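Subject: Structure handover

Hello,

Here is the structure for your files.

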Amino acid sequence: MTQPWSPDILGEDFEQQTLKLDGGSVATLVRYLGATQENAGIDADVLYVHGWSDYFFQKHVAEFWHRAGARFYALDLHNYGRSLGPGMVPGFVTNLADYDADISAALSAMGRSGVSGRDRPLILLGHSTGGLTLSLWASRHPGIASALILNSPWLEFQATELGRRAIAPLVGLHARLHPLAPLPPVDPGIYTRAVSASLDGEWDYNLEWRPDRGFPVTPAFLDAVFRGQATVAAGLGIDVPVLVLLSDKSYLQPKWSADALTADVALNVDAVAHRSLSLADTVTVSRLPNAFHDIFLSPAPVRREAFERIGRWLPLALQTSDAELWEARTAGL
């Protein structure tokens, strides 16, 4: 069940709709309603899913897709962001497949029939854990999406596959016995320092929905992620072209350094680049020099390059003839 569209916290041209899910939880769908574009480049729907300890606030991403001709939507999953209510455990989940209900409700609210050939192309866009979630979803739901774009997806553990396989049984045991017991904190706040306008970054956002050091990580959540990553490692066979955007390097040290301003401070990007090849037969891995963990929160030159790479890749992925128009419409973003 859904609620009517209402004004969103992002202001003019943004609306939100509450999606009621089974069990009393909710998800929230955000849409962008900019001025109507003439001669649109790509007539498609875009669904964005955020990562861990996050929510949708990247207005410039919505503007990019709208300018390209697409209809842009973003989903705050249950227990995140706009969907996080009193008494809820932030980010709590025991299986990433639990988000299938959120995604299904979002696609329905977007007016999609779910019948192949009847809808506009669907472009899935996921960041970090959202990228892992959408990859698994696309594998389980063939024939629905047309393209998958992953922004620094958390496809593999920072300590690589061997590290994940070594500790996964212990994490799984804790998930069964003490699913909500907080694990030792691992986020020293380096990423926040790099992106927050109150520190060394340029972005303002809700600190309750995106805390300085992230939500407390629980065994239940980490077990869900590990099981998802193991599924990716076994091969997903996604039936659409996949674009993976990654920084060219990682900075995974516990102390602040200026190097954090030119690297991904959350992922082992080399391990993720390798694991990306397990997603589908057609995978493009695009490494962006000096990019942040969220490519679209990187400095302006990096963001611009990322948008340009999407613009070159997507018309070919969708097998359209609009590449030149797309490039013209997205120039300067």
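A salt bridge here is a side-chain nitrogen of Lys or Arg within 4 Å of a carboxyl oxygen of Asp or Glu. By that rule, the structure holds 18 salt bridges. The model is predicted, so local features need pLDDT of at least 70 and side-chain atom pairs pLDDT 80 or more, while totals for chains, interfaces and linings use all residues. Numbering starts from 1 along each chain as its sequence is written, and side-chain values use heavy atoms, without hydrogens and water.

One of the bridges joins R210 and D54, at 2.8 Å from N to O. R210 sits in the loop between α5 and α6, and D54 in the loop between β4 and α1, so the bridge ties together parts 156 residues apart in sequence. (Helices are DSSP runs of H or I with at least four residues, strands runs of E with at least two, numbered from the N terminus.) R210 is buried at 7% relative accessible area, and D54 is buried at 2%; buried means under 20%, exposed over 50% and partly exposed in between, with a 1.4 Å probe and protein chains only.

D119 and R112 also form a salt bridge, with their closest N and O atoms 4.0 Å apart. D119 is partly exposed at 25%, whereas R112 is buried at 12%. D45, R112, D119 and R120 are linked in a salt-bridge network.

Within helix α8 (residues 300-317), R309 and E305 are four residues apart, about one helical turn. Their salt bridge has its closest N and O atoms 2.8 Å apart.

Regards
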